Amino acid sequence: MSDAPDPGNPNGIQIGDIYEDCSFHPVLCTAVDEVAGVVLSGVSLIDGSFPRSCDALHCGPIRIRIEEVMTIKQDLEGYARRRKEELRAGDDI
């Protein structure tokens, strides 16, 4: 087994991990489909919506620590605003 990251899933998100999806929801990963790229699917830890799916490469999902979920849940709009600013700042580098 190689320690090199999967180019289609650079953050190595797997079933059971918590990741931030395209809408900045913390999502519990329940499936990883590697047939046509790597598609992550799961359940939102904000509102229970599912399936929430992201392309592991093109959407840029990141792992989130369980300790962060309640903070995000208390102010999803504020969290999303901060993350958008961080992403914009990263694009300017």
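A salt bridge is a side-chain nitrogen of Lys or Arg within 4 Å of a carboxyl oxygen of Asp or Glu; by this rule the count comes to five salt bridges. The model is predicted, so local features need pLDDT of at least 70 and side-chain atom pairs count only at pLDDT 80 or more, whereas totals for chains, interfaces and linings use all residues. Residues are numbered from 1 along each chain as its sequence is written, and side-chain values use heavy atoms, with hydrogens and water left out.

**Figure 1. An open sheet of five strands.** The strand order is β4-β3-β2-β1-β5, with antiparallel pairing. Because β4 and β5 stand at the edges, each with a single partner strand, one side of each is left without a neighbour in the sheet. Strands (E, at least two residues) and helices (H or I, at least four) are DSSP runs, numbered from the N terminus; two strands pair if DSSP finds at least two bridges between them.

Figure 2. Strand β3 (residues 39-44) is joined to β4 by four bridges, and Val39 stands opposite Asp55. In β4 (residues 52-55), Arg52 and Cys54 make up the covered face, Ser53 and Asp55 the uncovered one. Arg52 forms a salt bridge with Asp21, with 2.8 Å between the closest N and O atoms. As Arg52 lies in β4 and Asp21 in the loop between β1 and β2 (26-33), the pair ties together parts that are 31 residues apart in sequence. Arg52 is buried at 16% relative accessibility, as is Asp21 at 6% (buried, under 20% relative accessible area; exposed, over 50%; partly exposed, in between; 1.4 Å probe, protein chains only).

Figure 3. Two bridges pair β1 with β5 in the antiparallel sense, and Ile62 of β5 is the bridge partner of Glu20. Arg63 and Asp17 meet in a salt bridge of 3.1 Å, N to O. Arg63 is partly exposed, with a relative accessible area of 46%.

**Figure 4. Helix α2 and its buried residues.** Helix α2 (residues 76-91) buries Gly78, Tyr79, Ala80 and Arg83. These buried residues pack against β1 (18-20), β5 (62-63) and α1 (66-74), contact meaning heavy atoms within 4.5 Å. Arg83 forms a salt bridge with Glu20, the closest N and O atoms being 2.8 Å apart. Glu20 lies in β1 and Arg83 in α2, so the pair ties together parts that are 63 residues apart in sequence. Glu20 is buried at 3% relative accessibility, and Arg83 is buried at 10%.
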